[in-house]
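Let's walk through this chain together, with the sequence and the model side by side.

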Amino acid sequence: SIDGADAETHDGFRGVEGSFARSLEILRDARKAELPTQINTTLTPGNFGQIDAMAELFADLDIVLWSVFFLVPVGRAEHALRLSPSECEQAFQQLWEQSLRQPFLIKTTEAPHYRRFSMQKKRESHSKSIVPTNNAQLPFQAAGLNDGKGVVFVSHTGEIYPSGFMPICCGQFPKQNVMQVYQDSPLLKDLRNANRLEGKCRPCEYRTICGGSRARSYALTGNPFAEEPDCAYIPPSLLASSE
């Protein structure tokens, strides 16, 4: 985990002086040993302005993947500050631009609305005949995956959750078969049904590809089907009805 482009930002976030320098040392040692590495970063208002600087720093470390986490207020992050919807859009823009420039893949975690942003940018790029340069990788996203949709989480004590960020127990391993719980749990079935979404997510044309972070909706409202709180996008059907 590296959560800033400098020691002050990273060490301040992690609360351990020297952890930034030590993390870079480990990554460089891994590169010398020809071990593939991945960097995880949690975006916060404290490092939001360093996205481009972090990308440039990581390019020198020969990493395979940069996984960017958009905060869900749960566990140790319960009282941490999240990016606003408009800041998420700005972050998406920077991550998109970096994905076209950098040699490593970039993915987001708990930001399914980046898939919507990526599709919009791809359509825009095609219409302008923009061709990525420098062997750039297209943004890496597993379209459709979401909390309880294509993934479940099993805790160290066997509780089966829709994801690690959504602590609603759907079953207990090993008393229950994980696959059976995934297939038959009423909550997990509903989470895979885009028509169960509420608010502006329900009429959104991207709801089957994005669906919003169900974990974030649950953490902030207690309703796993509420609209994505950190998405700035307004579906055209809602815009038309308000005119």
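A residue is called buried here when its relative accessible area is under 20%, exposed when that area is over 50%, and partly exposed in between, using a 1.4 Å probe and protein chains only. Helices (H or I, at least four residues) and strands (E, at least two) are DSSP runs, numbered from the N terminus. The model is predicted, so local features need pLDDT of at least 70 and side-chain atom pairs count only at pLDDT 80 or more, while totals for chains, interfaces and linings use all residues. Residues are numbered from 1 along each chain as its sequence is written, and side-chain values use heavy atoms, with hydrogens and water left out.

With that in hand, here is the overall picture. The chain holds nine helices and six strands, and 44% of its 243 residues are buried. Contact means heavy atoms within 4.5 Å. Of the contacts in the chain between residues at least 6 apart in sequence, 65% join residues at least 24 apart.

As a general point, strands of a sheet pair through backbone hydrogen bonds, either parallel or antiparallel. Here two strands count as paired if DSSP finds at least two bridges between them. Three strands make up an open sheet with parallel pairing, in the order β1-β2-β3. Its edge strands are β1 and β3 (105–109), each of which pairs on one side only. From one strand to the next, the twist averages 20°; for angles such as this, axes are lines fitted to C-alpha atoms, for helices over the stretch in contact, and the values run from 0 to 180 degrees between N-to-C directions.

Now look at the pairings themselves. β1 and β2 run parallel and are joined by six bridges; Leu43 has Phe70 in β2 as its bridge partner. β2 also pairs with β3 in the parallel sense, over five bridges, and the bridge partner of Val68 in β3 is Thr108. Helix α3 packs on this sheet, where it touches β1 and β2, and its direction makes about 170° with that of β1. As for β2, the strand is mostly covered, with five of its six residues buried.

Let's turn to α3 itself. Which residues of α3 (residues 51–59) are buried? They are Ile51, Met54, Ala55, Leu57 and Phe58. Seen down the helix axis, the buried residues of α3 fall within an arc of 165°, so they line one face of the helix; the arc is that of the directions from the helix axis to the C-beta atoms. Their cover includes α2 (19–32), β1 (38–43), β2 (65–70) and α4 (85–99).

Rings of Phe, Tyr and Trp (its six-membered ring) pair if their centres lie within 6.5 Å, with planes under 30 degrees apart counted as stacked, over 60 as edge-to-face and the rest as tilted. The count by this rule comes to eight aromatic pairs. One of them is the tilted pair of Phe92 and Tyr114, at 5.2 Å centre to centre and with 50° between the planes. Phe92 lies in α4 and Tyr114 in α5 (residues 113–128), so this pair ties together parts that are 22 residues apart in sequence. Phe92 counts as buried because its relative accessibility is 0%, and Tyr114 is buried at 0% as well. Phe92 also forms a tilted pair with Phe117, at 5.8 Å centre to centre and 55° between the planes. This second pair links α4 with α5 across 25 residues, and Phe117 is buried, as is Phe92.

A charge sits over a ring if NZ of Lys or CZ of Arg is within 6 Å of the ring centre and within 35 degrees of the ring normal. The charged end of Arg192 sits over the ring of Tyr182, 4.2 Å from its centre. Arg196 lies over the face of Phe225, at 4.0 Å from the ring centre.

Finally, visit two loop residues. Ser155, in the loop between β4 (153–154) and β5 (159–161), counts as buried because its relative accessibility is 12%. Pro229, in the loop between α8 (214–221) and α9 (236–242), is partly exposed, with a relative accessible area of 27%. Leaving aside neighbours within four places in sequence, Pro229 is in contact with Arg82, Pro85, Arg216, Ser217 and Leu220.
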